[in-house]
Amino acid sequence: MDSPSHLRALWHVALCCALPLAAQATDGPCVEPWQSAPVLLAAATTVPAAAGTALQSPLLPGGALTGDVTTTSEELNSGSDGRTELSGHVDVHMGDREIQADKLTYDHNDNSIQASGAVRYRDPVVLLQGDSGHYSQQGAQFSHGVFQLLQQPGHGTAEQMSMTPDKVITLHHVTYSSCPPPRADWQIRARELTLDTVAGRGVGHGATVDFEGIPIAYLPWISFPLSSARQSGVLFPNFGSSSRSGAFLGVPWYWNIAPNQDATITPTIYTSRGIDLGAEYRLLTESNRGTLEANVMPYDRQTGDSRSFVRLIDRDQLGWNTRIDTAIDNVSDGEYFEDFTQGTESTSTPFLPRSIAVVHRDDIWNLRAEMVGYQTLDDTLPVDERPYI
């Protein structure tokens, strides 16, 4: 009977031959494992697995991997057909990637791995778990599993999952949410979903958007960012109805102009009135920050007039502890908010303030000079109850 030291030596030699270094020799021809150790691989060999065994195999899922591959398992079975089976709490570390499974088969012939039983794959980008998995130089595939993005908010389930070496994840019959688990107030259910984790973009086909478990929209095609990073594109539509303007639908388009400025352009259709064109522009510099909002309806079918709303909020730092604050609102008529605003905050506003202030603050002085005016919206107010203009 072999001694424990002989058994560990046999395990080390058998495993290193079963998972050989891929042939990229710099000073000689490729040597296949059966040419260097024909006796060991002439018949199947089964030995208990040793913990922390180092293997040399640079060609594994996700492309070339330079460095050692470390495995642990309860049992190893190596055969002459170029396949090696590891079973019982299998754990394989390949650089920054890890595979865990109940059973794992490595095929030297095509340099692939087949795993089954509580399969778990993790790398710096994603954590994938399923009941079976296949790994090769072309990527990884899983079935009936869950996934979680590790560098962006995103998690869900899918019947089939695959990932390319370029970190593009394709999911079939999937549910996806960027809400922190375990809650998923917003959720996308799609026939197919592609997550480009490098570009930070997701694209879905045959998608349904759910809120609190209730389907609110079906979209044949949807594109969305995977993180909070700003990206130009179409945002989620605004829709609803009111007794004064009928049903409405607005489709915002976000424009990421520069790191310090952006704009959102929102055309909106009101069934009872017409088309409204809305825009919001934002700017942020070391000496200035401001927001300009504007809505224009060139022709209101109910009133026959043009309707509009403008708001400017701006702060300019002049230096010497001095700044100018500007806040101006203006509407075309007193009933604008009642016709176009959802909620009660603006509809109950009797007048709009307008102000320009010069502010100076230092260790001694705290000075403010301000000009204030108002636009009266409620024409029924008595003159003596209206603010001074």
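What follows is a short chat about a predicted model of a protein.

Q: What are we looking at, and how are residues numbered?
A: This is a predicted model, where local features need pLDDT of at least 70, side-chain atom pairs count only at pLDDT 80 or more, and totals for chains, interfaces and linings use all residues. Residues are numbered from 1 along each chain as its sequence is written, and side-chain values use heavy atoms, with hydrogens and water left out.

Q: OK, how many helices and strands does the protein have?
A: Three helices and 27 strands. Those are DSSP runs, numbered from the N terminus: H or I over at least four residues for helices, E over at least two for strands.

Q: And how much of the protein is buried?
A: Of its 389 residues, 37% count as buried. Buried is under 20% relative accessible area, exposed is over 50%, and partly exposed is in between, using a 1.4 Å probe and protein chains only.

Q: Which residues touch the most other members in the largest nonpolar core?
A: Y135, L171, Y176 and L195, in a core of 39 residues. A nonpolar core here is a set of buried Ala, Val, Leu, Ile, Met, Phe, Trp, Tyr and Cys residues joined through side-chain atoms within 4.5 Å. Apart from that core lies another one of ten residues, F248, F309, F340 and L377 among them.

Q: What's Y176 in contact with?
A: Leaving aside neighbours within four places in sequence, the partners of Y176 include F147, L149, P153, W186, I188, L195 and F224. Contact means heavy atoms within 4.5 Å.

Q: Switching topic: where does R273 sit, and is R273 buried or exposed?
A: R273 is in the loop between β21 (261-270) and β22 (274-284). R273 counts as buried because its relative accessible area is 3%.

Q: So what does that arginine, R273, touch?
A: Not counting residues up to four places away in sequence, R273 touches R244, S245, M297, Y299, D300, R301, Q302, T303, R307, D339 and F340. The side chains of R273 and S245 are also joined by a polar contact of 2.8 Å, meaning a pair of N or O atoms within 3.5 Å; within protein, one must be able to donate a hydrogen and the other to accept it, and residues adjacent in sequence count only if both atoms are side-chain atoms.
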